[in-house]
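Subject: Structure handover

Dear colleague,

Here is the structure we spoke about, for you to take over. My notes on it follow below.

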Amino acid sequence: MDVKPGYKQTEVGVIPEDWELSQLGNNLREPIRNGYSPVCSSQPTGVWILSLSAVSPNGLNPSGVKHAPANDPRVLQNLLVVDDVVVSRSNTPDRVGLAGVYRGEPTPCAYPDLLMRIRLGDSLNPEYLLFCLLSSPGRRYFSDNARGSSNSMVKIDRTILESFPIPLPPTKAEQEAIAAALSDADALIESLEQLIAKKRNIKQGAMQELLTGSKRLLGFCGEWKVKRIAEIASPKCEKNSLGEQLTVLTCSKHLGFVDSLGYFKNQVFSRDTSGYKIIKRGEIGYPANHVEEGSIGLQSFYDRALVSPIYVVFSVNEEVDSYFLHRLLKLECYRQKFETATCSSVDRRGSLRWPAFSEITVSLPPLAEQTAISAILSDMDAELSTLESKLSKARQIKQGMMQELLTGRVRLI
């Protein structure tokens with residue numbers, strides 16, 4: 001492969017000629033140390049100890065801590081100082097080698113046996129190291145070198161960590177500039193995550209109030225009526241007998257209906273879909289053996305699509321807004337009703353089919369109020385969807401930045 005002028009080929013790929021390919025072991029102030037796991041207390045004792053979950057794909061989560069005995073000398077020998085890097089040495093294959101930088105909170109803080117501590121010398125910026133460890137090449141390094149025959153837990157040791165390859169810019173100032181740029185990207189991602197969490201909580205509160213009538217919209221005062229689902233909806237059992245090539249959907253607890261191929265990344269449904277049910281736009285469906293988990297969805301993507309024969313599909317009559325009813329049935333109180341109805345169902349397979357499902361009662365306002373409530377909740381859905389798209393784009397941009405900056409393809413200074 002041709003390497004453009006000013007760059008060189010190394011074992012980790014092409015890097016600038018003035019960069020050095022170093023190993024982590026050459027940049028240490030002190031030897032890498034395993035931690036110590038004491039018997040933890042449920043009461044604050046003055047010393048905190050990180051839990052294994054404290055390291056994540058996003059770095060160190062300081063809330064992932066427990067309380068350690070303050071008088072245990074081995075705990076005191078493993079206290080962290082600012083800019084120490086901790087790495088998971090034993091974990092599942094997707095999490096082994098995850099790392100974080102200790103920034104001083106909580107304090108005093110120690111680390112357990114399943115983490116290793118890195119204390120760096122002056123040549124390597126800890127934040128720059130962290131991004132190297134969490135980068136795609138870094139994750140591949142740990143995946144390739146982790147040891148263990150179990151699919152659930154694998155290990156790395158100090159030798160593997162000391163041999164970790166690091167593309168090093170010629171100055172620490174350039175390391176710090178790269179780390180600062182990637183930290184800014186992390187800050188944007190974190191702010192979007194926090195905003196999305198806040199908006200989701202607001203939406204959950206609005207759903208609970210508006211869909212149950214505990215809060216009425218201005219201008220509406222009509223009486224809410226209690227109806228059996230059988231009185232407002234009808235089951236649909238149209239089969240794909242002609243073998244139409246329609247999109248097969250699956251229903252998840254949190255996402256509702258999604259394209260099965262895209263969701264599972266491969267084909268889990270039958271090649272012969274002639275026995276599958278057709279679900280039209282505006283119809284509601286649920287897997288009869290999973291609805292007690294909250295897996296019920298409104299089909300709003302296609303004029304016609306397919307679902308597995310195990311699904312119950314139904315449409316609502318003219319006095320009901322399908323979006324309103326779907327959102328009402330997504331409330332936790334209805335998930336509990338589904339669970340109760342499933343347990344008491346005569347179906348031995350633990351399924352909730354139409355005869356039992358249709359006997360569940362719902363409380364409905366007049367159609368105009370249903371429509372108004374649906375519009376408000378739909379706007380909230382759209383806002384969340386926009387924010388989630390921004391979050392996905394921000395994560396993609398950060399991944400691209402890491403690929404460019406950590407290899408020197410883009411130079412900041």
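A residue counts as buried when its relative accessible area is under 20%. Please keep in mind that this is a predicted model.

By that cut-off S56 is buried, because its relative accessibility is 15%. The residue is part of strand 6, which covers residues 55-56. Beyond the residues up to four places away in sequence, S56 touches R95, L98, A99 and L134.

V154 is also in a strand, namely strand 14 (residues 154-155). Its relative accessible area is 7%, so V154 counts as buried too. With neighbours within four places in sequence set aside, the contacts of V154 include a run from R89 through S90, N91 and T92 to P93. V96 is in contact with V154 as well, and so are A146, R147 and G148. R89 is 65 residues from V154 along the chain, and the two C-alpha atoms are 8.3 Å apart.

The last item is helix 8, residues 322-329. How many of its residues are buried? The count is 8 of 8, so the helix is largely enclosed by the rest of the structure. The buried set consists of S322, Y323, F324, L325, H326, R327, L328 and L329. At the N-terminal end, helix 8 is capped by D321. A side-chain oxygen of D321 lies 3.1 Å from the backbone nitrogen of Y323.

Regards

Definitions and conventions. Residues numbered from 1 in each chain as written. Predicted model: local features only at pLDDT ≥ 70, side-chain atom pairs only at ≥ 80, totals over all residues. Heavy atoms only, no water. Helix = DSSP H or I, 4+ residues; strand = E, 2+ residues; numbered from the N terminus. Buried < 20%, exposed > 50% of the residue type's maximum accessible area, 1.4 Å probe, protein only. Contact = heavy atoms within 4.5 Å. Polar contact = N/O pair within 3.5 Å; in protein donor to acceptor, adjacent residues only side chain to side chain.
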